[in-house]
Amino acid sequence: MTSIAASGTASFHARAYGSLKRNRRWALILSYVFLIMFAIFFLTPPYYMIVTALKSNEEVAHMAHNPWFIYDGVTFEHFVNLMTKSDFPIYFRNTVIVTVCTVAITMVVSVLAAFSLSRMKFWGSGMLATGIFLTYLIPESLLFIPLFQIVRGLGLLNSYWGMVLVYPTLTVPFCTWIMIGYFGSIPKELDEAAVIDGASHMQMLLRIFIPVALPGIIAATIFAFTVSWADFVYPMAFLYSSDQQVLTVGTVTSLIRADVYQWGLLMAGALIAAAPPLLIYAFLMDYYIAGLTAGATKG
Amino acid sequence: MADVSLRKVVKKYDDVEAVRGIDLEIPDKEFVVLVGPSGCGKSTTLRMIAGLEEISGGEIAIGGHIVNDVPPKDRDIAMVFQNYALYPHMTVFENMSFGLRLRRMPKAEIKERVEQAAKILGITELLERRPKQLSGGQRQRVAMGRSIVRNPKVFLFDEPLSNLDAKLRVQMRTEIKRVHQHVKTTTVYVTHDQVEAMTLADRVVVMNEGRIEQIGAPNELYHSPKTQFVAGFIGSPAMNIMPCRLEQNGVGLTVRLTDALTFRVPESRSARYRSHVGKQLLFGLRPEHITDAREYGSAGERQNFPATLDVVEPMGMETMVYFAINGKEVCGRVDPARSGGPGEKVQLQADLAHMQLIDPQSGAVL
């Protein structure tokens, strides 16, 4: 009797274990199917960009060829033309200046704001934190009209310095919000220990909080970088001369003339413009993920 | 080093009074432990001494100077936290030297102090590691080291052993005592563990609901508690406390626990209790004063009584036996060789020389 019961239990465990194993296999197969579909969906545009940028104008216009492949050999003429015969280098320089300044302003403002809102408890700090985040929810397509008045009033219309002023309205609220979450996840005892050790608020921020919250700060930096590098609406509205233009709008306006699309140059320009964010993401991806998921689990 | 004085200290959070006007004088070099259940105000008191909480009323003085409005960094105190609060991005050396570096102490002196503290705590080989590379016990040592290097007037410990496993807790307890014997700095230590309080303290301060119930040496609290709360809180297992009636019996007094069970009150205590004859009181006796009848004979104030054992817990060097008196669970501590099994009827013995009578209304031990 006992042996029958024992063997019954054993077969039940074997069935249960086998079923778990089968479930896991199916889960893995489905995961791979969807991951591959996802990868194809997102890698197709960059692939098309690369292929088109490396083709000659004649091959791009050749209707008989399959556009997904290069038949007549690889050429770098679009890259050379872009860098020597167009205003692309000016757009690139302007974008770098705008982005570096925006990121610097954003990080200084949002780190200080987040630190004070999350650690220096004062009346209305919670409400203020929520308020800051709410401003992020207002779309830029609504904001650009009042901002146009402000930028013009300051004499910064058609100046990329106007972008340095305007972009933080997009980046500071979100970065502050990320940093509030990150600073909030740092144990309270750490600042109490620092206070007892004799640290001032600024020393606490610089020597304890910033190093400890580095993943969050990097995540916020990447966000600010991406927004100021890739924004289209504000430069479209506020910049109109070529020497002040940034990459996003400049590339499109100078390389599309009426219904003439210079596909090779456009794709080469898009590739070069996409390179800096790509490099930054590649090197800082781990920090980025750690920053965005901070506080999600007890660590 | 300095003495610490708390005078009528109050802490209010909105309408809730967490600390209700406590007075405490801690002389220089003394090791004082604040003990009590969760929410009794012990940590709040410690944090007020540290300057991490504002004081709603009263005065706190360190070394004779009132520090109510002095920021923590200027109070010359060091604190060890429950979760260690080590800076995760710094090495052990950097953690220990952080306070000294902020004070712009010469590098050579910082090095000397850190190395000396590391030697006292046995963490010299860990100085280049980061906190995440350390075990719980090592982290706790580093946290203590960070306090020692500052050579502060007062050490404050906020439940520093709560995160350690039982074995390590005992080890670190000894370590803390050894460090205090070495550096002799005035220490205020907060814990909810009364064993920790008893083993470490020169004096124990028992707190309950924001008030100090009793201050005294560990043995004094254990043997002469002044309130029902202290009697029940200090000692593990806790003192047995059961309802009784004090009766006149000829020239002596008896304590009636049930219709069938009475204990003679020792003559030496009769005068003290006589004014309470006829009242409903609480009778208290520690488990070690309830033994097997065969262990000591019936000398002195010992009195035998029958009991039916409900639960028997062998602990090795002693066995805890649980039985009921008038529906209330009572614990005794018997010789393992003489303990019976569950359901067994045994003769136990109460050593009434150690009995306590408590007024249930005021909670005062009579």
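Modeller: Happy to. One term to start with: a residue is buried if 20 or more other C-beta atoms lie within 10 Å of its own. Also keep in mind that this is a predicted model.

Colleague: Thanks! Is helix H2 of chain B mostly covered or mostly open?

Modeller: Mostly covered. Helix H2 of chain B runs over residues 92-102, and eight of its eleven residues are buried.

Colleague: Which residues in H2(B) are those?

Modeller: The buried ones are Val92(B), Phe93(B), Asn95(B), Met96(B), Ser97(B), Phe98(B), Gly99(B) and Leu100(B).

Colleague: And what covers the buried residues of H2(B)?

Modeller: Both chains take part. The cover includes helix H3 (107-121) and helix H4 (136-149) of chain B, along with helix H9 (188-197) of chain A.

Colleague: What comes just after H2(B)?

Modeller: There you find Arg104(B), which takes a positive phi of about 55°.

Colleague: Let's zoom out. How many helices and strands are in chain B?

Modeller: Chain B has ten helices and 20 strands. Its C-alpha trace spans about 80 × 45 × 35 Å along the principal axes.

Colleague: What share of chain B counts as buried?

Modeller: For chain B, 40% of the 366 residues count as buried. As for contacts in chain B with a separation of 6 or more, 67% come from residues 24 or more positions apart.

Colleague: Now Val212(A). Where does it lie?

Modeller: Val212(A) lies in helix H10 of chain A.

Colleague: Why does Val212(A) count as buried?

Modeller: Because Val212(A) has 20 C-beta neighbours inside 10 Å.

Colleague: Leaving aside neighbours within four places in sequence, what is Val212(A) in contact with?

Modeller: Its partners are Ile186(A) in its own chain, plus Pro88(B) and His89(B) across in chain B. Val212(A) and Ile186(A) are 26 residues apart along the chain, with their C-alpha atoms separated by 7.9 Å.

Technical notes
Residues are numbered from 1 along each chain as its sequence is written. Chains are lettered from A and ligands numbered from 1 in the order in which they are written. This is a predicted model: local features need pLDDT of at least 70, side-chain atom pairs count only at pLDDT 80 or more; totals for chains, interfaces and linings use all residues. A residue is buried if 20 or more other C-beta atoms lie within 10 Å of its own, exposed if 12 or fewer, and partly exposed in between; C-beta atoms are placed from the backbone. Helices (H or I, at least four residues) and strands (E, at least two) are DSSP runs, numbered from the N terminus. Two residues are in contact if their C-beta atoms, placed from the backbone, lie within 7 Å.
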